[in-house]
Amino acid sequence: MLASTYPIYLFATAVAEGVDGVEVELLVNQPTACLHDYTLTVQDMKAIERADVLLLNGGGLEDFLEDALSASAAAVIDCYEGHHHETEYDPHFWLVEEAAVVMLHNIAQGLSALDPDHGEVYTQQMQAAIRLLPGDPLKEAELACPYLITFHDGFQYFALDNGLTLLKSVEEEEGSTASAAEIKEIAALVREYDIPAIFTEKNGSDAAARAIARETGAEIYQLDMIMSGEGSGIQPYLDAMKHNTDTILEALG
């Protein structure tokens with residue numbers, strides 16, 4: 001099996017752990033803040049060609065795979081099925097625990113249909129992974145500031161699910177930075193809403209954030225969109241989500 005992204009890889013390895021003859025590989029295995037401009041390598045193409053099953057995030061995140069998918073004979077499991085948008089289009093729904101549950105279910109159901117002999121194992125391991133999810137502690141927290149300014153647009157669901165208002169996000173591609181007008185706009189929002197902290201993304205640029213911090217005195221904190229990492233199974237996902245929760249509580253609590 002080939003998982004398109006790191007979150008899908010973590011969920012798939014949790015569901016399929018220890019099943020004889022089942023191996024999960026990760027396609028995009030490099031530090032990245034987004035996949036909008038990702039270009040498949042020769043190694044990527046070979047991995048797609050040899051895969052029997054392709055596990056996709058869905059929701060448009062893998063537009064870069066369109067041509068490769070049309071040429072592949074592999075079965076496809078789309079983890080997007082069953083999701084309902086409550087905000088503007090955003091495929092980064094794994095940052096919401098409820099969505100992670102849906103994705104784990106989709107993977108377990110998809111694998112059970114393709115490999116019914118191990119269907120019970122997939123279901124049991126999916127249920128075990130779901131039991132480890134901690135809930136949503138931010139929903140019960142009384143934050144001094146309920147406003148978020150992030151430097152990646154992938155935190156819309158995260159903000160909505162946790163009762164936060166995402167005032168502004170600026171997606172800075174590698175090698176570029178926010179415009180002077182955007183920096184001025186964000187600095188004005190920081191002052192208007194008395195925001196103590198702004199948030200960069202683990203694999204993204206922090207140039208604009210540093211400029212805004214110098215101008216406003218806001219602190220800079222880093223969130224993890226879980227687009228890359230080390231390890232397999234559900235634990236790295238749990239660790240990253242706990243980091244995000246703890247970071248928000250420290251920065252805005």
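User: Let's begin with the fold. How many helices and strands does the protein chain have?

Analyst: Keep in mind that the model is predicted. The protein chain has 10 helices and eight strands.

User: What does the radius of gyration say about the protein chain?

Analyst: The idea is to set the value beside the one for a compact globule with 253 residues, which would be near 18 Å. The protein chain comes out at 19 Å, so the two agree. Along the principal axes, its C-alpha atoms fill a box of roughly 60 × 40 × 30 Å.

User: And what share of the residues is buried?

Analyst: Buried means under 20% relative accessible area. Here, 51% of the 253 residues in the protein chain are buried.

User: Which share of the contacts links residues 24 or more positions apart?

Analyst: Taking contacts with a separation of 6 or more, 64% join residues 24 or more positions apart.

User: How many positive and negative charges are there?

Analyst: There are 11 positive and 44 negative charges in the protein chain, and their mean positions lie 9 Å apart.

User: Can we look at one residue? Where is K139 found?

Analyst: K139 is in helix α6, which covers residues 137-140. Its relative accessibility is 47%, so K139 counts as partly exposed.

User: Which residues does K139 touch beyond four places away in sequence?

Analyst: K139 touches D161 and N162. D161 is 22 residues from K139 along the chain, with 7.9 Å between their C-alpha atoms.

Methods: Residues numbered from 1 in each chain as written. Predicted model: local features only at pLDDT ≥ 70, side-chain atom pairs only at ≥ 80, totals over all residues. Heavy atoms only, no water. Helix = DSSP H or I, 4+ residues; strand = E, 2+ residues; numbered from the N terminus. Rg over C-alpha atoms; globule rule 2.2 N^0.38 Å. Buried < 20%, exposed > 50% of the residue type's maximum accessible area, 1.4 Å probe, protein only. Contact = heavy atoms within 4.5 Å. Lys, Arg positive; Asp, Glu negative; His and termini not counted. Charge placed at Lys NZ, Arg CZ, Asp CG, Glu CD.
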